[in-house]
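Dear colleague,

I am handing over the structure we spoke about, and my notes on it follow below. Please read them with the model open beside you.

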Amino acid sequence: MELMEMTAARLGEEIQAGTITAVQAAEAALNRIKEKDKELNCFITVEEEAALEKAAAVQKKIESGELSGPLAGVPIAVKDNICTEGLRTTCASAMLNDFVPPYSAEAVKKLEKAGMVIIGKTNMDEFAMGSTTETSFFGPTRNPWDLERVPGGSSGGSCAAVAAGECSCALGSDTGGSIRQPSSFCGVTGLKPTYGTVSRYGLIAYGSSLDQIGPIARDVTDCALLLEAIASHDKKDSTSMPREEYDFSSALQKDVKGLKIGIPRDYFGEGLDPEVAEAVRKAADILKEHGACVEEFDLSLVEYAIPAYYVIASAEASSNLARFDGVKYGYRTQEFEGLHDMYKKSRSEGFGEEVKRRIMLGSFVLSSGYYDAYYLKALRTKALIRKAFDRAFEKYDVILGPAAPSTAPRLGDSLKDPLKMYLGDVYTVSANLAGLPGICLPCGLDGKGLPIGLQLLGDCFQEKKILRAAYTYECVRGQFYQPESSRKEGGVRL
Amino acid sequence: MGKIITDEMIDYVSILAKLNLSDSEKKAAGKDMERMLEYIDMLNELNTDGVEPMTHIFPISNVFREDREENGDSREKMLENAPEARDGMYRVPKTVEQ
């Protein structure tokens with residue numbers, strides 16, 4: 001088996017067994033990036049020498065027995081809104097083109113503690129604002145399944161890199177679906193943890209009440225192992241939640257007997273691609289055949305999640321992005337008259353179109369006279385949405401549905417109409433509003449040979465339930481196609 | 001409700017947002033925002049009387065910790081990212097007129 005076809009867990013095993021070294025694993029990833037990334041553009045920054053040095057240092061610790069965890073020596077990619085000390089972190093924005101963080105995010109420190117080797121920083125929508133990775137200052141990432149299509153977003157670089165085998169796993173961040181939707185489009189597995197599970201310290205903020213870092217990998221096992229590595233209670237993040245346990249891999253059992261799964265009828269209405277609906281329903285049937293109790297129910301309020309989300313996310317973004325003023329870091333305009341002119345020009349030149357659009361909307365909904373009608377209204381709606389989920393989780397362990405209404409759209413199609421692009425987040429944003437964990441894993445290919453994603457949502461802190469359901473489904477499904485094998489076989493369907 | 005997003009409103013919001021928009025950007029911003037707000041107005045269909053605005057998912061409020069210095073002196077490191085620095089400080093345009 002080729003190194004870059006292995007899962008992170010398998011690579012880790014081989015490294016522990018001594019059949020390969022951490023340096024060989026890093027070299028394999030770096031070679032694959034060299035071979036493929038000109039075409040795909042998954043990475044913004046790769047520092048080859050630094051990665052190899054790090055791998056060599058890790059290898060020594062593995063040989064001395066100091067590092068013996070399941071992921072030690074495994075290369076990983078990190079989304080470029082997560083700070084890495086000494087390694088450029090741009091948020092895919094001209095604003096942070098030269099920014100080299102003086103410290104690492106807590107999640108990155110956890111990866112390092114587990115002995116993982118960061119091979120590079122992945123492309124994304126600018127400041128994570130977008131659903132296609134097309135708003136990146138560094139140009140769009142292409143979907144490895146079809147180069148004329150988007151990988152989804154905003155963690156499009158991370159998901160496409162995993163799909164293309166440039167790395168076995170990656171970190172992403174999810175504010176309104178930014179891990180789950182690109183995982184769906186790229187045929188990989190991505191998990192958004194319960195809000196507060198992974199420290200946001202060092203994650204460049206977009207919508208602080210919604211942002212969560214999470215793992216992206218080739219299978220459910222890798223996601224569970226990565227979550228174990230990065231989840232922690234961190235004093236540096238005041239919204240970090242102490243959890244009773246940080247064990248997730250014990251949930252990897254092929255057993256859903258008696259698990260109660262609800263399918264929201266409201267997820268299967270207008271706007272959902274029939275091929276996506278069919279594949280998701282088939283996945284539900286598989287879980288039913290294996291002993292889960294599956295039934296349909298009315299979740300309600302589904303259509304209100306997107307408007308509430310865009311008000312809240314934009315409001316928080318307008319406040320969070322006020323820090324980019326050309327003083328302490330980031331872009332500063334060349335010519336200006338006085339301080340305020342410098343602020344304004346630096347921001348106007350440094351931010352891209354979508355970022356400015358959301359800052360404007362956010363500033364408006366927070367402005368005096370409109371705060372109650374828009375911002376507070378959205379927060380009240382959020383409370384109702386949370387209640388609807390509370391009711392659902394009284395009856396069900398897991399909520400099953402699609403991750404996105406369609407498979408990956410063509411490059412250039414989405415940005416023409418921002419509102420239409422926003423509507424694509426219909427199945428993902430409510431988990432962020434309610435703080436819920438969600439996992440997306442591939443459940444088939446459509447007629448065009450593009451992957452379809454299955455989404456499983458759990459109640460807060462119930463990651464283990466969705467991991468068990470996802471793992472069981474995955475055991476039955478078997479290994480998912482690689483982009484190239486599917487192209488050769490002309491888009492085989494499950 | 002009457003038209004909210006007037007040219008004056010866009011000017012006002014761009015002051016709040018500290019953005020300099022060109023005339024064509026202003027026009028586009030007005031159109032975008034108008035359309036978004038039309039859509040967001042859907043929330044008015046919902047009766048939210050008596051519902052507390054939910055700022056945070058979990059009932060945690062003030063999170064305190066000891067006020068102890070833990071991160072050491074990273075002045076030089078922080079200044080490496082400054083667009084302009086002098087004598088260990090950030091350099092900014094003159095802020096007080098004589």
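Are F297(A) and Y396(A) buried or exposed? Both F297(A) and Y396(A) are buried, where buried stands for under 20% relative accessible area, exposed for over 50% and partly exposed for what falls in between, with a 1.4 Å probe and protein chains only.

Before the rest, a word on conventions. This is a predicted model, in which local features need pLDDT of at least 70 and side-chain atom pairs count only at pLDDT 80 or more, while totals for chains, interfaces and linings use all residues. Residues are numbered from 1 along each chain as its sequence is written, chains are lettered from A and ligands numbered from 1 in the order in which they are written, and side-chain values use heavy atoms, with hydrogens and water left out.

Aromatic pairs

A pair of aromatic rings is described by the distance of the centres and the angle of the planes. Rings of Phe, Tyr and Trp (its six-membered ring) pair if their centres lie within 6.5 Å, and planes under 30 degrees apart count as stacked, over 60 as edge-to-face and the rest as tilted. Over all chains, the count by this rule comes to 18 aromatic pairs. In one of them, the rings of F99(A) and Y329(A) have centres 5.6 Å apart and planes at 55°, so the pair is tilted. F99(A) lies in the loop between β2 (75–79) and α4 of chain A, and Y329(A) in the loop between α9 (305–320) and α10 (338–350) of chain A, so the pair ties together parts that are 230 residues apart in sequence. Helices (H or I, at least four residues) and strands (E, at least two) are DSSP runs here, numbered from the N terminus. F99(A) counts as buried at 12% relative accessibility, whereas Y329(A), with a relative accessible area of 23%, is partly exposed.

The rings of F297(A) and Y396(A) have their centres 4.8 Å apart and their planes at 40°, so this pair too is tilted. The pair links distant parts of the chain, with F297(A) in strand β8 (residues 293–297) of chain A and Y396(A) in the loop between α12 and β9 (398–402) of chain A, 99 residues apart. Ring pairs also link F99(A), F127(A), F324(A), Y329(A) and F351(A) into a cluster.

Cavities and pockets

On a 1 Å grid over the protein atoms alone, a cavity is a set of points where a 1.4 Å probe fits but cannot get out, and a pocket is an open set with protein on both sides within 12 Å along at least five of seven lines; lining residues have an atom within 4 Å of a point. Grid points are joined across faces, edges and corners, and a volume is the space filled by probe spheres set on the points.

The count comes to three cavities of 30 Å³ or more. The largest cavity holds about 90 Å³ of space, and of the 14 residues that line it, G130(A), S131(A), S178(A), Y309(A) and D425(A) are the closest to its centre. The second largest cavity holds about 40 Å³, and helix α12 (residues 371–395) of chain A gives the most to its lining, with three residues. That lining divides into seven nonpolar, two polar and no charged residues, where Ala, Val, Leu, Ile, Met, Phe, Trp, Tyr, Cys and Pro count as nonpolar, Asp, Glu, Lys and Arg as charged, and the others, Gly among them, as polar.

The largest pocket has about 790 Å³ of space and is lined by 30 residues, of which G271(A), P405(A), K420(A), L423(A) and G424(A) lie nearest its centre. The second largest pocket has a volume of about 590 Å³, and of its 18 lining residues Y201(A), K236(A), R65(B), E70(B) and N71(B) lie nearest its centre. By class, this second lining has four nonpolar, three polar and 11 charged residues.

Chain B

Chain B has three helices and two strands, which follow the pattern α-α-α-β-β along the sequence. Its C-alpha trace spans about 55 × 45 × 25 Å along the principal axes, and 28% of the 98 residues of chain B count as buried.

With best regards
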